[in-house]
Amino acid sequence: MNAQSLELAVRLLRSSGIVAFPTETYYGLAVDPFNERALERLFLLKARPQAKPVLVLVRDASDIPLLATEIPELYRGLMQRFWPGPLTLIFPAAGTLPASLTAGTGGVGLRQSPHSVAARLLRAFGGPLTATSANRSGEAPATDARQALSLFSDYEGLVLDGGATPGGVGSTVAGLFDRRLRCLRPGKIPFSEVEASSTRLTFS
C-alpha cells in the first residue's frame, strides 16, 4: 500500500465510501462509524441483517470516549494485556452513535488492530473505522485482496492490498454483564486466557 492509495482511501471514506483492508484476522470493511449513509451502504454491500451490530477499530484508547460513555476499570488491564490484538471488548455505547452501528444493544464492540495497514489507515483517517469482515452475510470472510475485491463487483469501493491474512477465526468478543466478563464470540484468543487475566487483574 503506497501513500497515493492511502490518500484515495481516506477521501473515499470521507465521502461515505467503503474501503476493504487487512487486519490480523481477515480483511475488514471500513466506513466512518458516525456516518449513517456510509453504514447503510455497508449493510447493503454485505446483505447484513440490521439486527447485527458492527464492530469498530480504534487508533488507541484515546478514541474510546468518541464511542463509549466509559471505560470499565477491568477493561483497562485487558486492553494493556491484549491490545493491539484480536480481542474485541463491548463498551457502553455513547448515545450519539447511529442506531445501525449498535443495533439497539446499548453496547459497541471496540478493538485495536496490530496490522500495520489497518493502523496506517486509521491514523490517516484520523479516527475510528468499522472493521466488519469483508464478506456477504453467511459467506466466508476474505483473506486476501482478490477475494475482497470481488465484493465490489456491483458497488463502488477500494481495496488496500496488504497481502494474505491468517484467516481461521475472528477476534474474541467479550463484555461485562452483571459485572461478570462473558464470552460473546470465541476467537483467536482463548476466552480462558482472557478470563484468567481478568481474574488476576481483579484480585491483584
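Me: Let's start with the pocket. Which strands each supply at least two residues of the lining of the largest pocket?
Reply: Keep in mind that this is a predicted model. The largest pocket has a volume of about 890 Å³. Of the 40 residues lining that pocket, Arg 48, Pro 53, Leu 55, Val 173 and Arg 185 are the closest to its centre. The strands that each give at least two lining residues are strand 2 (27-30), strand 4 (87-92), strand 5 (107-111), strand 7 (132-133), strand 9 (172-177) and strand 10 (180-185).

Me: And which strand has the largest share of that lining?
Reply: By residue class, the lining splits into 20 nonpolar, 13 polar and seven charged. As for the largest share, that amounts to four residues, and they come from strand 5.

Me: On to helix 5. Within what arc do its buried residues fall, seen down the axis?
Reply: Helix 5 covers residues 116-125, and its buried residues are Val 117, Ala 118, Leu 121, Leu 122 and Phe 125. An α-helix has 3.6 residues a turn, so residues three or four places apart point the same way. The buried residues of helix 5 therefore line one face of the helix, falling within an arc of 130 degrees.

Me: What covers those buried residues of helix 5?
Reply: Both helix and strand elements turn up here. Among the covering elements are helix 1 (3-14), strand 1 (19-22), strand 2, strand 3 (56-57) and strand 6 (129-130).

Me: Which residue follows helix 5, and what is its phi?
Reply: The residue after helix 5 is a glycine, Gly 126. Its phi is positive, near 90 degrees.

Me: Now the charges. How far apart are the closest N and O atoms of Arg 111 and Glu 24?
Reply: The whole structure has five salt bridges, going by a search of it. One of them pairs Arg 111 in strand 5 with Glu 24 in the loop between strand 1 and strand 2, linking parts of the chain 87 residues apart. The closest N and O atoms of this pair are separated by 2.9 Å.

Me: What relative accessibility does Asp 63 have?
Reply: Asp 63 forms a salt bridge with Arg 59, their closest N and O atoms being 2.7 Å apart. Arg 59 has a relative accessible area of 32%, so Arg 59 is partly exposed. Asp 63, in contrast, counts as buried, because its relative accessibility is 0%.

Me: How many residues apart are Arg 81 and Glu 193?
Reply: The side chains of Arg 81 and Glu 193 meet in a salt bridge at 3.0 Å, N to O. Arg 81 sits in helix 3 (residues 73-82) and Glu 193 in helix 7 (residues 191-203), so this pair links distant parts of the chain, 112 residues apart.

Me: Which residues is Phe 191 in contact with, leaving aside its neighbours within four places in sequence?
Reply: Phe 191 is found in helix 7. With a relative accessible area of 17%, Phe 191 is buried. Beyond its sequence neighbours, Phe 191 touches Ala 174, Leu 181, Arg 182 and Cys 183.

Me: Now the backbone. What is omega for the cis peptide bond between Trp 83 and Pro 84?
Reply: Pro 84 lies in the loop between helix 3 and strand 4. The bond joining Trp 83 to Pro 84 is cis, with omega about -10 degrees.

Me: What is the phi of Ala 47?
Reply: Ala 47 is placed in the loop between helix 2 (36-46) and strand 3. Exposed means over 50% relative accessible area, and Ala 47 has 53%, so Ala 47 counts as exposed. Although not a glycine, Ala 47 has a positive phi of about 50 degrees.

Me: Last one: what is the phi of Ala 103?
Reply: Ala 103 lies in the loop between helix 4 (99-102) and strand 5. With a relative accessible area of 24%, Ala 103 is partly exposed. This residue, other than glycine, has a positive phi near 55 degrees.

Definitions and conventions
Residues numbered from 1 in each chain as written. Predicted model: local features only at pLDDT ≥ 70, side-chain atom pairs only at ≥ 80, totals over all residues. Heavy atoms only, no water. 1 Å grid on protein atoms, 1.4 Å probe; cavity = no way out; pocket = protein on both sides within 12 Å on 5 of 7 lines; lining within 4 Å. Points joined across faces, edges and corners; volume = space filled by probe spheres on them. Nonpolar A, V, L, I, M, F, W, Y, C, P; charged D, E, K, R; others polar. Buried < 20%, exposed > 50% of the residue type's maximum accessible area, 1.4 Å probe, protein only. Arc of directions from axis to C-beta. Contact = heavy atoms within 4.5 Å. Salt bridge = Lys/Arg side-chain N within 4 Å of Asp/Glu carboxyl O.
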